[in-house]
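Reader: I'm new to this one. Could you pick a single part and walk me through it slowly, in plain words?

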Amino acid sequence: MHLLEYGNRSGVRGVEKATVEGRPLDDGELVARSRRGDEHAFEELVLRYSDLAFRTAYLATANAADAEDAALEAFLKARQALGRFHENAPFRPWLLRIVGNEARNRRRAAGRREGLELKAARAGRPGDAAPSPEAAVLAAERRAELLSALERLEPDFRQVVACRYLLELDVAETAAALGIPEGTVKSRLSRALERLRQQMEAAVHG
Amino acid sequence: MAELSPLERELFALGPEIAWPPTPRFTPLRRRRSLVDRRLVIALLAAVLAAALAAGAVAAGYLHVPGVNIQRSSRPLPAPTKNLPTTSLGERLDLGGSESSVAAAAADAGFGVRVPAGLGQPDQVFFKAAPVPVVTLVYAPRPDLPAGSDPDVGALFMEFRSADSTPFLGKLAGTGTRIEQVSVGGTQGVWLEGAPHEVFVEPSPSGNLAPDRVRLAGNTLLWYRDGVTYRLEANVTKERALEIAGTAR
């Protein structure tokens with residue numbers, strides 16, 4: 001099966017650097033400039049967080065068009081609400097909270113109950129040592145099993161795992177994106193990991 | 001920070017491997033008028049088509065030929081990149097394995113394969129078994145079939161068994177693509193012309209179209225007859241495509 005390898009425009013951790021005045025600006029500086037009416041500064045934030053916002057929304061909507069609408073609306077609302085944003089607060093969780101809200105609204109409006117389907121894109125990352133064919137097959141099988149186990153998790157568990165590990169959100173960001181308390185994130189993570197572990201063990205021994 | 005368990009390490013390693021749908025471009029940041037336009041266009045198309053098509057042929061938000069969903073994108077799609085013929089044709093267009101003849105492909109597919117007399121015998125035949133059996137006839141470029149985005153292809157004629165409930169192909173048509181409802185020998189069809197459109201292949205078990213593989217397609221005619229969906233992709237006019245389709249018997 002051919003799997004598409006999507007362009008890696010920027011890492012989800014926001015590694016794409018803003019280059020205003022030739023040096024990367026951190027989120028706080030970009031937020032401050034945006035609040036002073038610098039459109040370019042906010043667009044830098046949008047560029048920096050496009051992948052993360054879109055993928056976070058996609059985890060909730062399981063639909064790319066809805067995720068696009070949700071992320072776009074979230075950026076627009078964030079820009080509008082920037083005046084109320086605490087300047088020293090972290091931008092990421094604040095944005096993720098808006099994205100999560102927008103995405104859940106769309107999912108509810110669409111009345112969808114679609115399962116999220118995630119696929120692995122490639123057999124290895126660039127720069128990885130080329131594995132032997134056997135090792136590559138085993139690694140691919142293991143990945144496929146893990147993805148399949150993830151898909152079988154209940155939606156609440158799957159989302160928390162996907163946010164925390166696949167998108168590499170921290171606990172506070174995961175809580176913001178999912179609109180749940182941090183304690184709930186931790187307890188769901190713990191139970192989800194236990195279920196995944198059991199499923200993976202069953203796959204190995206079955 | 002607590003040490004990561006092996007499972008957690010595996011999950012973190014899985015993140016960069018996920019084939020996420022391509023992230024749209026959100027800058028310049030503005031509310032897209034076309035988001036509203038899109039809904040309006042879809043509503044109008046649905047209203048027009050609902051009268052013409054059999055019940056169930058128009059899914060909400062989609063133009064639909066059995067086996068194929070067509071969704072209008074709110075933005076133009078990126079320009080096509082030329083496929084470089086560094087891999088085999090079947091591989092780079094995801095057509096499956098090469099077949100010795102149309103008859104051999106038909107035997108594998110389990111349905112009668114039509115060859116459009118207007119195109120003649122194909123230069124290559126491919127068969128792909130999953131997720132639904134698909135036979136593809138490939139015609140090399142020639143004066144009446146100029147090459148499109150792939151230098152080795154003048155026309156692609158795909159045939160696949162389809163059930164209305166299980167779309168196999170999804171198409172995302174950008175704002176530059178014209179979509180037109182047409183009649184192909186009395187049966188419903190759709191013509192896509194202009195800017196290339198993306199083709200999504202494979203439904204997920206939940207029925208979602210998964211962007212498993214995306215490629216850009218040129219002018220395309222889609223129609224459905226007797227449980228089989230036909231797809232002709234060629235760098236030709238609508239009239240010529242309809243003429244060719246009329247010879248597929």
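Author: α2(A) is mostly covered, with 18 of its 23 residues buried. Here a residue is buried if 20 or more other C-beta atoms lie within 10 Å of its own, exposed if 12 or fewer, and partly exposed in between, with C-beta atoms placed from the backbone. Helices are DSSP runs of H or I with at least four residues, strands are E runs of at least two, and both are numbered from the N terminus.

A quick note on the source: this is a predicted model, in which local features need pLDDT of at least 70, side-chain atom pairs count only at pLDDT 80 or more, and totals for chains, interfaces and linings use all residues. Residues are numbered from 1 along each chain as its sequence is written, while chains are lettered from A and ligands numbered from 1 in the order in which they are written.

Back to the helix. α2(A) covers residues 39-61, and its end C-alpha atoms are only 29 Å apart, whereas a straight helix of 23 residues would span 33 Å at 1.5 Å a residue. That expected span is 1.5 Å times one less than the number of residues. Now look along the helix for a bend: α2(A) has a kink of about 55°, centred on A:Tyr49. The bend at a residue is the angle between axes fitted to the seven residues ending there and the seven starting there.

Next, step off the end of the helix. α2(A) is followed by A:Ala62, which sits in the loop between α2 and α3 (64-81) of chain A. Most residues other than glycine have a negative phi. A:Ala62 isn't glycine, yet its phi is positive, near 55°. A:Ala62 counts as buried because it has 22 C-beta neighbours inside 10 Å.

With 17 other C-beta atoms within 10 Å, A:Glu168 is partly exposed.

A:Pro181 lies between α7 (171-178) and α8 (182-205) of chain A. A:Pro181 has 10 C-beta neighbours inside 10 Å, so it counts as exposed. Its C-alpha atom is 9.4 Å from that of A:Val171, 10 residues apart along the chain.
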